Structures are given as C-alpha cells and as structure tokens.
Amino acid sequence: MRGQTWKRRWSKRGKLMWNFAEHPEVFAARQAASRLVAREEVADKLERAVSTLDEGELALALQQTVALGMDASRYPIVPTAQAYLDRIVETRKHIKLALTTFDLDDLDYALECASSFNWDSEEVQECRSLRERIGNVANEAANAVHTLQPDATAPSPRKR
C-alpha cells in the first residue's frame, strides 16, 4: 500500500484502521459517479421536457447539459431538445408578429409552424382564436357585400 496516500487511524481498541474515503482515487471515483448520475438525471429531464414541449424546462435542462459537458454522441436527446427549443422560439416570433398585424397569412403561417411539431401553448390558442374571429368577420363582410350588390339577372327598376 502507498503509505503516503492512505490516512491511518487507530481505533479505540488499538487496531490500525485505514480511511479509504479520503484517498484521492476514491474521491475521484465518487466525483465521476456523481457526474454520471447528474448527467442521467438531466437526460431524463430533457426527455420529459421534449415530451411536454415546455420551453422553460427545455432551456433549463439544456443549460445544465452545458454545465455538465454532455455531448450529443452519448446523449442524443441533447440536439433533439435544442432543435425543439429553437423551433419554439422561432414559432413564438411568428405568433407575436401575427398577433400584432392581424394578417390572415401571418396567422396561418404561425399556426402552421406550431402544428408542424404539435406545439400547443396559450399563445398558439390565442393565435388560433384570433384567426377564427378574423375568418368569421371576413365571411360576414363577404356575405354583406354579396347582399348589397345588385343582382345582374334581376330586372332594373323602371324610371318614370
């Protein structure tokens, strides 16, 4: 045994006891094991966040992957989670634009982006509701215009 690296202690009975917990190799092994457990926990968090598409959980777990040095080759969920987070951020930009412009094309595009990866949040529901209301108003306006236009086949009123 390496006499300098092991700490020796005497028991109350006078026996020599070795304290292996303080040895540098044991300490390094414990640190490696705790890093591995932390990485597996973060990978589980990422799996849950991807299944719920929660932006906050995705962002937090991805920050933890950077801190723990998790790479995509060992944890393939990392690039998947990053891709979903990027899509959520991009879709949120389209939704904000659509909600401010009230443009049907912008609303349709934002909803198409959200449905492309099955993201349904309060913003998406608000966008969907606005799209429906604007569509109803457009239909009512078209019906009103049709009602107000003179019918080309009807006889014109006589003038006196």
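Good morning. I begin with helix H2, which runs over residues 55–68, has 14 residues and reaches 20 Å from its first C-alpha to its last, close to the 20 Å expected at 1.5 Å a residue. The expected span is 1.5 Å times one less than the number of residues, and helices here are DSSP runs (H or I, at least four residues) numbered from the N terminus.

Please note that this is a predicted model, in which local features need pLDDT of at least 70 and side-chain atom pairs count only at pLDDT 80 or more, while totals for chains, interfaces and linings use all residues. Residues are numbered from 1 along each chain as its sequence is written, and side-chain values use heavy atoms, with hydrogens and water left out.

Let me turn to the faces of the helix. Leu-58, Ala-61, Leu-62 and Thr-65 of H2 are buried, meaning under 20% relative accessible area with a 1.4 Å probe and protein chains only; exposed is over 50%, and partly exposed lies in between. These four cover an arc of only 105° around the axis, which puts them on the same side of H2; the arc is taken from the directions from the helix axis to the C-beta atoms. An α-helix has 3.6 residues a turn, so residues three or four places apart point the same way. On the other side of H2, Gln-63 and Ala-67 are exposed. The buried residues of H2 pack against helix H1 (24–52) and helix H3 (77–101), contact being heavy atoms within 4.5 Å.

Next, the two ends. At the start of H2, a side-chain oxygen of Asp-54 comes to within 2.9 Å of the backbone nitrogen of Gly-56. Just after H2, Gly-69 has a positive phi of about 70°.

I now come to the salt bridges. Such a bridge is a side-chain nitrogen of Lys or Arg within 4 Å of a carboxyl oxygen of Asp or Glu, and a search of the whole structure finds four. Glu-55 pairs in this way with Arg-92, with the closest N and O atoms 1.9 Å apart. This pair links distant parts of the chain, Glu-55 in helix H2 and Arg-92 in helix H3, 37 residues apart.

What else does Arg-92 form a salt bridge with? The partner is Glu-123, the closest N and O atoms being 3.0 Å apart. Here Arg-92 in helix H3 is joined to Glu-123 in helix H5 (residues 122–148), 31 residues apart. Arg-92 is buried, at 16% relative accessible area.

How values were computed:
Helix = DSSP H or I, 4+ residues; strand = E, 2+ residues; numbered from the N terminus. Polar contact = N/O pair within 3.5 Å; in protein donor to acceptor, adjacent residues only side chain to side chain.
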